[in-house]
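Hi,

Here is the structure I promised to send over. Have a look at it first, and then read my notes below.

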2 protein chains.
Amino acid sequence: MREVFQQELREVQDRLVEISALVADAIESATKAFNESDVALAETVIEADAKIDAASVALDELAIQILARQQPVARDLRIVVIALRVSASLERMGDMATHIAQLARYRFPDKVVPKSLRSTFAEMGRFDVEIARMLTELLRSEDLAIAEKIRDTDDEIDALHLSVFDKMLGETWKGGSEETVDATLASRYHERFADHAVSIAKKVSYLATGDWTPQDS
Amino acid sequence: MREVFQQELREVQDRLVEISALVADAIESATKAFNESDVALAETVIEADAKIDAASVALDELAIQILARQQPVARDLRIVVIALRVSASLERMGDMATHIAQLARYRFPDKVVPKSLRSTFAEMGRFDVEIARMLTELLRSEDLAIAEKIRDTDDEIDALHLSVFDKMLGETWKGGSEETVDATLASRYHERFADHAVSIAKKVSYLATGDWTPQDS
């Protein structure tokens with residue numbers, strides 16, 4: 001029974017890695033579509049999100065079946081519960097990529113962001129892609145040094161997020177309402193994407209260190 | 001054992017109702033603080049969020065303990081798993097209330113939104129409070145007619161959300177960047193708050209009808 005359980009846990013892990021890889025592809029295409037106003041690429045991101053959603057639902061079902069069949073306790077139980085949470089966060093990361101792609105599509109053939117913010121969004125996008133690739137590697141290897149790097153990259157993204165607001169509220173901002181609305185939403189989506197990655201990295205660290213939550217008994 | 005389990009499930013349900021009531025109070029105060037620029041009230045919302053977070057973590061621990069001790073299967077197992085998800089969504093609803101309160105605090109003593117959008121945000125706020133109160137009642141009574149009403153109210157909020165964007169992108173909009181950024185974020189927070197309520201209502205409906213997910217076996 002124990003061996004079957006270990007095998008099923010590996011299956012859960014493999015599937016999380018797969019979904020995370022899909023999310024990394026999605027954010028890579030989404031930021032490219034956003035920065036280059038590539039509406040065809042934006043469409044592929046929007047369509048591919050259904051695959052991430054379905055993979056996440058299928059993983060949840062697998063996790064529930066494992067709980068029912070194997071009735072794990074202690075650390076094993078927490079691994080399965082955490083997998084359910086990681087799955088939910090990955091699904092939301094896919095949604096953020098989709099929202100970024102949708103912004104590119106809405107404004108086409110116009111560019112989504114004015115020139116003065118393009119390099120900032122290009123950088124945020126690069127960091128989001130980097131964070132997604134690191135997350136995939138973290139889920140695969142459980143190397144906690146990567147969790148640390150994810151947190152550092154999130155700090156960079158937070159700083160860029162604040163700089164977008166500074167620019168829009170500064171005196172040199174020439175954007176109209178449309179540019180301001182789009183940049184506000186896009187910046188928020190990029191920042192939330194990274195937040196979810198940090199939240200997953202924390203959960204993987206909990207598993208490795210046993211330091212679950214303040215209320216842990 | 002079965003009786004103990006039923007008792008523990010009631011404890012889970014009672015706690016979800018309690019957290020939902022805290023969230024309803026939070027959004028009521030947050031929208032009041034937002035619409036009246038009441039910075040003291042905004043502070044109380046921001047401080048009270050720690051209570052919602054702690055209650056959510058404590059509920060998660062209880063759910064994990066029930067899984068370990070009772071090893072539920074079939075419908076019982078799904079109830080516990082769904083409780084974990086509902087808890088996560090309630091926690092996010094608390095965050096949205098906090099974000100709305102923070103907007104009021106940042107701009108004080110200025111008003112957050114210009115006159116032309118005040119009645120729209122007042123209405124969105126009222127609907128969010130209504131949806132939170134209905135959610136508390138749904139979790140208490142499991143009356144699925146309430147789930148239906150939550151979806152209808154969410155439609156109203158979505159329409160108001162779109163009308164905020166229409167107004168900001170229209171020719172009569174006189175708001176500067178600051179007003180545009182704030183209204184974009186505030187509208188998004190109000191809309192996400194309601195989305196989480198709809199997602200919880202769906203889960204409660206699943207439990208009642210047994211119609212889980214497409215992959216359900």
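This is a predicted model: local features need pLDDT of at least 70, side-chain atom pairs count only at pLDDT 80 or more; totals for chains, interfaces and linings use all residues.

The buried residues of α5(B) are B:I146, B:A147, B:I150, B:D154, B:I157, B:V164 and B:M168. What do they pack against? Their partners are α4 and α6 (177–209) of chain B, together with α6 of chain A.

Now the chain as a whole. Along its principal axes, the C-alpha trace of chain A spans about 65 × 35 × 25 Å. Buried residues account for 42% of the 217 residues in chain A. Among contacts in chain A between residues at least 6 apart in sequence, 83% join residues at least 24 apart.

On to how the two chains sit together. A rotation of 180° with 0.0 Å of shift along its axis puts chain A on chain B, with an RMSD of 0.0 Å. The two copies are thus related as by a two-fold rotation axis. Which C-alpha of chain A is nearest the axis? That of A:Q71, which is 2.8 Å from the axis. The same surface serves both copies, with 100% of the contact residues of chain A recurring in chain B.

The contact takes 28 residues from chain A and 28 residues from chain B. On the chain A side, the elements that give two or more residues are α2 (39–70), α3 (74–107), α5 (144–169) and α6 (177–209). Sorted by class, that side of chain A has 17 nonpolar, seven polar and four charged residues.

The largest nonpolar core has 126 residues. Those with the most contacts inside this core are A:V23, A:A97, A:A197, B:V23, B:A97 and B:A197. To see what one of them touches, pick B:V23: leaving aside neighbours within four places in sequence, B:V23 is in contact with B:I52, B:L90, B:M93, B:G94, B:A97 and B:A132.

A few backbone details to look up in the viewer:

- The peptide bond from A:F108 to A:P109 is cis, with omega near 5°. A:P109 lies in the loop between α3 and α4 (115–141) of chain A.
- In chain B, a cis peptide bond joins B:F108 and B:P109, with omega about 5°. B:P109 is in the loop between α3 (74–107) and α4 (115–141) of chain B.
- B:S37 follows α1(B) and has a positive phi near 50°, in a residue other than glycine. Its place is the loop between α1 and α2 (39–70) of chain B. B:S37 counts as partly exposed because it has 17 C-beta neighbours inside 10 Å.
- B:E142 is another residue other than glycine with a positive phi, near 55°. You will find B:E142 in the loop between α4 and α5 (144–169) of chain B. With 14 C-beta neighbours inside 10 Å, B:E142 counts as partly exposed.

Is A:R151 buried or partly exposed? A:R151 is partly exposed, with 16 other C-beta atoms within 10 Å; the cut-off for buried is 20 or more. Not counting residues up to four places away in sequence, A:R151 touches A:V198 and A:A201. The C-alpha atoms of A:R151 and A:S37 are separated by 30 Å, and these two residues are 114 residues apart along the chain.

Cheers

How values were computed. Residues are numbered from 1 along each chain as its sequence is written. Chains are lettered from A and ligands numbered from 1 in the order in which they are written. Copies are superposed by least squares on the C-alpha atoms of residues with pLDDT of at least 70 in both. Two residues are in contact if their C-beta atoms, placed from the backbone, lie within 7 Å. Helices (H or I, at least four residues) and strands (E, at least two) are DSSP runs, numbered from the N terminus. Ala, Val, Leu, Ile, Met, Phe, Trp, Tyr, Cys and Pro count as nonpolar, Asp, Glu, Lys and Arg as charged, and the others, Gly among them, as polar. A residue is buried if 20 or more other C-beta atoms lie within 10 Å of its own, exposed if 12 or fewer, and partly exposed in between; C-beta atoms are placed from the backbone. A nonpolar core is a set of buried Ala, Val, Leu, Ile, Met, Phe, Trp, Tyr and Cys residues joined through C-beta atoms within 7 Å.
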